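Welcome! Let us walk through this structure together, one part at a time.

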Amino acid sequence: MVSVLVVDDDAPVRRMLERTLAAEGYSVATAGDGGAALAAIERSVPDVVVLDLGLPGVDGLSVCRRVRGKGLALPILLLTARDAVADRVVGLEAGADDYLVKPFASEELVARLRALLRRGVEPEVLLAFDDVVLDVRSRAARRGPKDLGLSGREADLLELLLRNQRRVVTRELALERVWGSANAASLNAVDRYVSYLRRKLGEPQLIRTVRGVGFVLER
């Protein structure tokens, strides 16, 4: 599932974008300011970012520059109420891949995201760590020559760990990304599915528990 980070300080707009993109099949996370956006990207790099230009504190241009400064090539769609050519140029030069002027039709937003994901920056089809490989599209996973036979939720959890390999994935983040909401299930559900995944991955173990926090995929 393609992950989108929506960053906008206007809560109604943020909720509208979240609903629209979730209905299109995207996994959506949100942030209300630039600092929260950078923290979210640090925790888990999304496949694409929808970023408002006029954020309080760290503005959208600064977020773009910092993301590019880290060497991250994820596509960024910039949203702004400013429609002057000079403003668009500044946004693109800061690292944005496309520009959408408010107000906009949700259909155009979705079309632009799809175009960005086709433009040579489509998320990886295969994710790998050590001898574990997951096909993101088919959800098929294997370790070495062995087909793991994962359920849909197990595959989603493995994808989250693979996208954040060697970084701690908190139980709360797993609930949000795999179950769709931090309130969708209990933290024990995450532990249970990690146990299922460990059993199918076999030895040597690759998922380490960080007590009281979450899990990390490492060797």
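Strands E10 and E12, the latter spanning residues 214–217, pair in the antiparallel sense over two bridges. Here strands are DSSP runs (E, at least two residues), helices are runs of H or I with at least four residues, both numbered from the N terminus, and two strands pair if DSSP finds at least two bridges between them. Within this pairing, Thr170 has Gly214 in E12 as its bridge partner. Helix H6 (residues 152–163) packs on the sheet and touches E10, E11 and E12, with its direction at about 65° to that of E12. Contact means heavy atoms within 4.5 Å; axes are lines fitted to C-alpha atoms, for helices over the stretch in contact, and angles run from 0 to 180 degrees between N-to-C directions.

This is a predicted model, where local features need pLDDT of at least 70 and side-chain atom pairs count only at pLDDT 80 or more, while totals for chains, interfaces and linings use all residues. Residues are numbered from 1 along each chain as its sequence is written, and side-chain values use heavy atoms, leaving out hydrogens and water.

The sheet that holds E10 is open, with three strands in the order E10-E12-E11 and antiparallel pairing. Its edge strands, E10 (169–170) and E11 (207–210), each pair on one side only.

Another open sheet has four strands, in the order E6-E7-E8-E9, again with antiparallel pairing. Strands E6 (126–129) and E9 (146–147) are its edges. Strand E8 (residues 141–143) joins E9 over two antiparallel bridges, and Arg142 stands opposite Asp147 in E9.
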